[in-house]
Amino acid sequence: MSRINDVGGLQGFAAIEQEQDEPAFHSDWEAHVFAINRALLGRGVYNLDEFRDAIERMPPREYLAASYYEKWFRAITTLLGEKGVLTKEELHLD
Amino acid sequence: MSGDHSGPQASLAAQVRHLESLLEQRGLLDAESLDRDLAAYLTRASPDNGARVVARAWLDNGFRDRLLADANAALPELGLSMGGGLQEQRLKVVANSGQEHNVIVCTLCSCYPIALLGPSPTWYKSEAYRSRVVRDPRAVLSEFGYDLPSEVTIHVWDASAESRYMVLPARPGGTDDLDEQSLAALVTRNGLIGVAPV
Amino acid sequence: MTEPIAPVFAPGDLVRTRLADPPHHTRLPRYARGAVGTIVEMHGRYPLPDNRARRVPAEPEPVYTVRFAAKDLFGEGSHMVTVDLWHSYLQPAQPGAASKEPS
């Protein structure tokens, strides 16, 4: 089924917002999510296609509401749970 | 949760810290090298790299030809590369001209030549940009303040596979007397993505 | 080792993208399904992401840059859109083929 990330040509999204001289990361946690993902990909815990797939499987409402690195964080925790690296209790997932 | 300063962002920061400590316990993460590796990666990669490539291409036709034919092979001439990531990705450089203008997007996610240019701007990753630029690039460019003459054909490149794209803007007029460094200073990140003339 | 899939398409060839709406990860955008485009170049061989995402074995296959006219994708527009597409997403098209199959 077509997924929420597949937005090319979709109507209704608002004007594009530019932030002048924006930093690479807006918070430390974003930089850490970036680095964690690199580390886990490098170790082969999951591959890049699995990572994208996990982002795409977010419920549409959550996908659209989430900031970019929040999407990454959700995908990482989804994959770590699905692969049994961490338990749901450890991840505080319902 | 009391206090608007906390809330979702503080919660996310706490969740990320929590995840990091779990992964460290599992031996999947080394916190010390994490910060160091990240800083090293980001220092190497910036739009300045793209600007240097463009300035050299404007001054040296041979380099320009080599760049357009095989950008990965040409980058080392400037001491640059698409390496440093987990896998070296193919870079494709597409040249603007009087008749053609190029603009880059990744409609499906956010693919971008990070290894060369550093992280992409937030707007590039937004649903608004990704949805609209393939459908009406002229209107999107106009929103960025760039009104293209109607006779110029726009090519939108959707980076849907393993290639990463960068635009080679046309050299602005009146720049004949500028040296390579001054030419590089004219080039903006928006120009390398294709939402600005340079 | 299995033989690598030989590139079937050459620059200038007309191709039609698959119409299927798969239930899994894919890198054929919805807006480009069932459309006729022109091969710009073959730029490498990579395993199909649809399979990689599901940890299904995947041999490297040719990936092509394919150019579409906006009119053929959206019914309007004077611009061109190029998309990088795996061999598995493409089939040959005849000159004069309908620009988009009905969905």
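Predicted model: local features only at pLDDT ≥ 70, side-chain atom pairs only at ≥ 80, totals over all residues.
## Architecture of chain B

The secondary structure of chain B comprises 10 helices and four strands. Read from the N terminus, these elements follow the order α-α-α-α-α-β-β-α-α-α-β-β-α-α. The domain assignment divides chain B into domain 1, covering 8-42, and domain 2, covering 47-193. A distance of 32 Å separates the C-alpha centres of domain 1 of chain B and domain 2 of chain B.

The C-alpha trace of chain B extends over about 55 × 35 × 30 Å along its principal axes. Of the 198 residues in chain B, 39% are buried. When contacts in chain B between residues at least 6 apart in sequence are considered, 69% of them link residues at least 24 apart.

## Contact between chains B and C

Chain B contributes 17 residues to its contact with chain C, and chain C contributes 16 residues. On the side of chain B that touches chain C, strand β3 (residues 153-158) of chain B gives the most, namely six residues.

## Helix α1 of chain A

Buried residues in α1(A) include A:W29, A:H32, A:V33, A:F34 and A:I36. The charged residue A:E30 is likewise buried in α1(A). After α1(A) comes A:G44, which has a positive phi near 75°.

## Nonpolar cores

The largest nonpolar core has 67 residues, among which B:V103 and C:L85 touch the most other members. Helix α3 (residues 47-59) of chain B supplies the largest share of this core, with six residues. A second, separate core has 23 residues, including A:W29, A:I55, A:L79 and B:L34. One of these, A:W29, is among the buried residues of α1(A).

If residues up to four places away in sequence are not counted, C:L85 touches B:S160 in chain B, together with C:T17, C:L28, C:V63, C:Y64, C:V66 and C:L90 in chain C.

Conventions:
Residues numbered from 1 in each chain as written. Chains lettered and ligands numbered in written order. Domains from an automatic or database assignment. Helix = DSSP H or I, 4+ residues; strand = E, 2+ residues; numbered from the N terminus. Buried ≥ 20, exposed ≤ 12 C-beta atoms within 10 Å, placed from the backbone. Contact = placed C-beta atoms within 7 Å. Core = buried A, V, L, I, M, F, W, Y, C linked by C-beta atoms within 7 Å.
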